[in-house]
Amino acid sequence: MLSPIILVPAVLNGLLTGAVYGLVALGLTLIYGVLHIINFAHGALLTAAMFAAFFAHRLLGLDPYLAALGLTPLFFALGYGLQRFVIGPAAHGEDRNILLVTLALAVVIENALLYVFGADTRTLNLAYAFDVVDVGVAFLALPRVIGFGVVLAVALVLWLILALTDTGKAIRAVAKEKLGAELSGIDVAHVYAVTFGLGTACLAIAACLLIPTYYVNPHIGNAFVLVAFTIVVLGGMGSVTGALIGGLFVGVVESLCGLYLGESLGQIGIFIMFILVLLLRPSGLFGERA
Amino acid sequence: MSEVLLAINGLAAGYGASEVLRDIDLEVGAGEIVAVLGSNGAGKSTLNRTISGVLRATRGSIRFAGHAIEREKPAKIVARGLIHVPEARCVFPNLTIEENLDLGSYRRGRAHRERNRARVFAIFPRLAERRAQRAGTLSGGEQQMLAIGRGLMAEPQLLILDEPSLGLSPRLVEELFALIQRINAAGVALLLVEQNVVQCLEVARRAYVLEGGTFVLHGNAADIRADPNLKRAYLGL
C-alpha cells in the first residue's frame, strides 16, 4: 500500500489538483485579507466563470486557455464593478452587511444560471483532455500539468503586483490600516474594488484551467469554495502564500485519502483536517496569531 | 493675519444621533501655527476627523485654500494639501518605512516622491537608517516620526497633528516641538491639537480652547500664556 509506485503518482496528482484549489483560495483569501469579509459569492462567481469558459468554447470555438486571456480582464472588471457599485454602496460601511450582500449575490447568480441553463451537467470534449505527460515516475494529465504551471505563474504575478506596484502597496496598506490609508490620500473604495476584482479574476483563470477536465452545472462552484475555505483557514486568513501552499497540501490530502479510503471518500480527509486545524492552530499555518 | 488657508464656520459633527461638535468657528492662516487645546473627550479628534473628511459634517462649512471641502472625500482633501496625522499614528505595520513614506506621496507624481523622501530623510535621519525595516517593529516615538514624515511626503500646505506628543519621553517631546517649528519655517501651516498646553502655547501664534464640543476661548497664544486667570479657568494650570 505504501509502495512508491502508487504513492508518488497520487502525491503528484494531488499537487496538480491542489494548485487549482489554491488559486480559488487565493482569490478568497485576498478579499478576506483586505475587506475582512468572507465573500459568499465566490462560489457562484466561479460557476459563472466556468459557464463563460464553457460557452466561449461551445459558441465561439475558443480554447479555454485562450479564453482565459479575455475572461480574466472581463471578470476583473465584473468584480471591480460588483464591489464598487453593488456591494460597497449596499453595505453602508457595515462589515456584516457586506457579508449579507455577497450571500444575496450568490443566490441571485446561482439561480440566474439555473434559470438560463437548467440544472444539467455539461462537459467539453477537447482533443487534449486525455493527453498525458510522462514524467518518469508517473503519467500526469496534460491539462492538469498546464493548470499547475499557470497557477504558479499567476501567484508570482500577483505577488509582484502586491510587492512592487503602487496599487499593490495601497492594497497591503488598506488591509492593515484603513484610516491611515484614507489619510494618506488612498481611495479606499477603489482599493476595495481592485482587490475584489483581482479575487474574481483568479476565479476566471481557475475556471479556464478546470473546464477542460471538469464538468459545469449551476452549483459546481460551491464544491470548490468549500475546499477553498478550508485552505484559507489552513493557510491563515488573508495569507497569499498560505493559500497557495495550503492548496497544494489539501490537494495531496484529498488524493491520498481517495487512494486509501476510496475515491468517493477523498474529501473526508480535507474536512477532518479542517477540524484539526481549528482545534490545534486556529490562526492557520501562515496566519498571524490573534 | 496673512491669507486665510482654512476657514471653518458654524461646524457641527458627531456620530449617529449624538452630536459631539457644535458652533465651531476656526481659522488658520497660511504659514501659521494654531493650537487647539482641550482635555480628553472635548471633541478634538472628532474635529480633526471632520476636517480631513473621514467624518461628515452635519452642519456648517469648511473652506480650504478657497475650496469648500466639507463634502469631499479624504483622498481629495489630501490631494489639496491638507494632511491629518492621526493620534493613533496609523502607520502601515506590514510595510517598510520606505513604503510607508512612498504611500504618503500617493497623490503626487513619482518624480515628486524621490525629492520628498530626500527631504523627509534629512529631517529624520533615523528613518533613513531603517528604511527597509517594517514599521510595525518601530518604537512608539519612531512611529510618530514616521507618521509625521508620511504626512510631509504629501506636500502639505496645512498639517494637522493630533496629539503628536502623546506617549513620547520628555526629551522626544522637546525634539518634536523643535521639529514643528522647523516644518513651519519651511512654509507649512500647522494645526496642533494637543493636551500638552505649555509647549503648544510657546510655538503657536493663536490658540483655541475646546470644551464640551465647542470653543470656549480663542486668542493670541502669548496673551493666554501671560494671563494666569485664563490659564487657570480654561486649562487647569
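Modeller: The account below begins with the helix in question and then turns to other features.

The model is a predicted one. The helix to examine is α6(A), which spans residues 166-176 of chain A. Within chain A, its partner is helix α5, residues 142-164, and the two axes come within 5 Å while crossing at roughly 80 degrees. Since angles of 65 to 115 degrees count as roughly perpendicular, α5(A) and α6(A) are therefore roughly perpendicular to each other. On the α5(A) side, the contact is made by Ile161(A), Leu162(A), Ala163(A) and Leu164(A). On the α6(A) side, Asp166(A), Gly168(A), Lys169(A), Ile171(A) and Arg172(A) take part. Sorted by class, this contact of α5(A) with α6(A) has five nonpolar residues, one polar residue and three charged residues.

From α6(A), the residues in contact are Asp166(A), Lys169(A), Ala170(A), Arg172(A) and Ala173(A), and α3(B) supplies Glu99(B), Asp102(B) and Leu103(B). The class count for α6(A) with α3(B) is three nonpolar, no polar and five charged residues.

Helix α6(B), residues 140-153, packs with helix α7(B), residues 170-185, at an angle of about 10 degrees, with the axes 12 Å apart. That angle makes α6(B) roughly parallel to α7(B). Gly141(B), Met145(B), Ile148(B) and Leu152(B) of α6(B) meet Leu172(B), Leu176(B), Leu179(B) and Ile183(B) of α7(B). This contact has seven nonpolar residues, one polar residue and no charged residues.

Two further features concern chain A. Over all chains, a search of the whole structure finds 17 salt bridges. One of them joins Arg84(A) to Asp187(A), with the closest N and O atoms 3.7 Å apart. Arg84(A) lies in helix α3(A) and Asp187(A) in the loop between α7 and α8 of chain A, so this pair ties together parts that are 103 residues apart in sequence. Elsewhere, a nonpolar surface patch with about 800 Å² of accessible area together includes Leu261(A), Leu265(A) and Ile268(A). Its largest share, six residues, comes from helix α11 of chain A, residues 266-280, and Ile268(A) lies in that helix.

Notes. Residues numbered from 1 in each chain as written. Chains lettered and ligands numbered in written order. Predicted model: local features only at pLDDT ≥ 70, side-chain atom pairs only at ≥ 80, totals over all residues. Heavy atoms only, no water. Axes fitted to C-alpha atoms, helices over the stretch in contact; angles between N-to-C directions. Helix = DSSP H or I, 4+ residues; strand = E, 2+ residues; numbered from the N terminus. Parallel < 35°, antiparallel > 145°, perpendicular 65-115°, else oblique. Contact = heavy atoms within 4.5 Å. Nonpolar A, V, L, I, M, F, W, Y, C, P; charged D, E, K, R; others polar. Patch = residues over 30% accessible without salt bridge, like charges linked within 9 Å, V, L, I, M, F, W, Y side chains within 5 Å. Areas by Shrake-Rupley, 256 points an atom, 1.4 Å probe, with all protein chains shown as cover. Salt bridge = Lys/Arg side-chain N within 4 Å of Asp/Glu carboxyl O.
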